[in-house]
Amino acid sequence: SINDQLQSIKPKFFLIKMIKVKTVYSSFIPLQGPLLALRDWVAIESDSSNVLKRPDLHRMMEMAAQKLRLMGGTVELVDIGEQELPDGQTLALPKVVTAQFGNDPNKHTVCVYGHVDVQPAKLEDGWATDPYNLTDINGNLYGRGASDNKAPVLAWIHAVEAYQALNMELPVNVKFVIEGMEETGSNGLDAMILAQRDTFFSDVDYIIISDCGWLSRRPALTYGTRGNCYFYAEVEGPKQDLHSGVYGGTVIEPMTDLVGILGDPSGKILIPGIREAVAPLSDEEWRMYQDIQFDIDNYKNKIGVNELMYSNKVDLLAHMWRYPTVSIHGIEGAFSDPGTKTVIPAKVTAKFSIRQVPNMDPAMVKKQVTDYLHSVFAKRKSPNKLKVTMVIGAKPWLADTQHPLYDAGKAAVKRVFDMDPDLIREGGTIPIARTFQDVTGKSIIMMPIGGFDDGLHSQNEKMSRYNYIEGTKLFVAYLNEVSQIKHTSV
Ligand SMILES: CC(C)C[C@H](N)C(=O)NCC(=O)O
């Protein structure tokens, strides 16, 4: 009837109005709705790398599940077993939250993946505000996990809530997979995806991930991530720490060995075989990089340096996204407190990682790194013992930007931001992306809403009110665009 038709037009009109409505972003507007939800989520120190914080992480997963339950979703907390710690003890992994809204066989089904664990953060690290107390300064919401990845996960939840609030049917069925171990390699999630391939994932058509950021103020769609191989290199010498005055000069120090095998002034990867495996940069990719908006001075200012490894845009983007890099993160066992302790540490463990790209393979990288370090160590003829372990082996991921998912993404960005997105890659790693692709055979899009200067993993991480709310509008619009994709596209 006419009435039914009017009913179906009215909410759609509201939806378009909601997307187009100009929101005022000011710190003077008190936190409400989505901002309060983000405050509550940031308040939980869900640090997946710290075993002492595991109870908080369990609480975080329960809180995410409860939010989805209250919205009427079909929610499960999936037990993914235990994690083995380096000392041989075991610890329960945080359960994975799965949820489903709608199961209409005539609609597409999208699966939104995100995580609610965070990297460590302490006020003493140099934060200007308490990392677990969401603080608004000039429209930026500061807090650990605000951008990586709590606000983006919440923005997807709010997108579903927006349809519900308007009494509108979701244009697609929406599933969620929310995990709590992303920052430490997504332990247990690969097995869970494999186990549920023919159940939870059987009707999923497309996978959407919003766990990354824009490159500039221009919105972006991401089509590649680097992988990550994370290593521990342990050098063990005397049976206990020693006084450097009493024993220095007689003992072959583990720290000297460690620095000796890791150190190279170029900061480049010397390990044979690694660079040779890298897929060459094609002319087309090179051309694409030239069109991307990237302000080198802005980038330098953001991180507070005067000079970078390369001085032109294409080289910088290529080395950020599609060449491997090595970073040394820290040395466990070394003296690092303030003061002047004169100690020879008995055992030191370097932590470093290699971001890898197509066509590198983690198993091969593990062998190459282990063989190389042992060969360099052998030349030192040291009596100390070296042990090399790879603790994370996450593969890189690359998508086809010609897929209709990306056309739908461009249309949604245009609708909300009135501009075309940059098509970018990401230097960081989303360990599970490749598993989703390989196990389910479905296409993935990464649709970031984080700002280019959000400070992920660093001090003063933030998410702006603007990106959070406009990002939610983007997701609302995107669900609508995805529903228009022809049913034949996988
Ligand atoms: C920018 C990254 C893809 C964000 C992601 N959450 C992350 O930090 N992954 C782990 C990593 O070390 O890259």
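Helices in this description are DSSP runs of H or I spanning at least four residues, numbered from the N terminus. The structure is a predicted model, and Asn-149 falls within its helix 4. The peptide bond that leads from Asp-148 into Asn-149 is cis, with omega near 10°. Asp-148 also belongs to the set of residues that surround the ligand.

The surroundings of the ligand comprise His-115, Asp-148, Glu-182, Glu-183, Asp-211, Arg-355, Glu-426, Gly-428, Thr-429, Ile-430, Leu-456 and His-457. For Glu-182, an N or O atom of the side chain is 3.0 Å from a nitrogen atom of the ligand.

Helix 4 passes helix 14 in a right-handed crossing. On the side of helix 4, the contact is made by Ala-151, Pro-152, Leu-154, Ala-155, Trp-156, His-158, Ala-159, Ala-162 and Tyr-163. Helix 14 contributes Tyr-468, Thr-472, Phe-475, Val-476, Tyr-478, Leu-479 and Asn-480. By class, this contact holds 13 nonpolar and three polar residues, with no charged residues.

Helix 2 (residues 34-42) packs against helix 14 (residues 465-483) at an angle of about 115°, and their axes are 11 Å apart. That angle makes helix 2 roughly perpendicular to helix 14. The crossing of helix 2 past helix 14 is right-handed. Pro-34, Leu-35 and Leu-38 of helix 2 meet Arg-465, Tyr-468 and Ile-469 of helix 14. Five of the residues in this contact are nonpolar, none is polar and one is charged.

Helix 2 and helix 4 are themselves in contact. Their axes come within 10 Å and cross at roughly 140°, and helix 2 and helix 4 are therefore oblique to each other. Helix 2 passes helix 4 in a right-handed crossing. In helix 2, the contact involves Pro-34, Ala-37, Leu-38, Trp-41 and Val-42. These residues meet Ala-146, Lys-150, Ala-151, Val-153, Leu-154, Ile-157 and His-158 of helix 4. The contact of helix 2 with helix 4 divides into 10 nonpolar residues, one polar residue and one charged residue.

Asn-167 lies in the loop between helix 4 and strand 8 (173-179). Phi of Asn-167 is near 60°, a positive value in a residue other than glycine. Another cis peptide bond joins Pro-358 to Asn-359, with omega near 5°. Asn-359 is found in the loop between strand 15 (347-356) and helix 11 (362-380).

Methods:
Residues are numbered from 1 along each chain as its sequence is written. This is a predicted model: local features need pLDDT of at least 70, side-chain atom pairs count only at pLDDT 80 or more; totals for chains, interfaces and linings use all residues. Side-chain values use heavy atoms; hydrogens and water are left out. Axes are lines fitted to C-alpha atoms, for helices over the stretch in contact, and angles run from 0 to 180 degrees between N-to-C directions. Helices (H or I, at least four residues) and strands (E, at least two) are DSSP runs, numbered from the N terminus. Angles under 35 degrees count as roughly parallel, over 145 as roughly antiparallel, 65 to 115 as roughly perpendicular and the rest as oblique. A crossing is left-handed if the near helix is turned anticlockwise from the far one by less than a right angle, and right-handed if clockwise. Contact means heavy atoms within 4.5 Å. Ala, Val, Leu, Ile, Met, Phe, Trp, Tyr, Cys and Pro count as nonpolar, Asp, Glu, Lys and Arg as charged, and the others, Gly among them, as polar. A residue is near a molecule or strand if one of its heavy atoms lies within 4 Å of it. A polar contact is a pair of N or O atoms within 3.5 Å; within protein, one must be able to donate a hydrogen and the other to accept it, and residues adjacent in sequence count only if both atoms are side-chain atoms.
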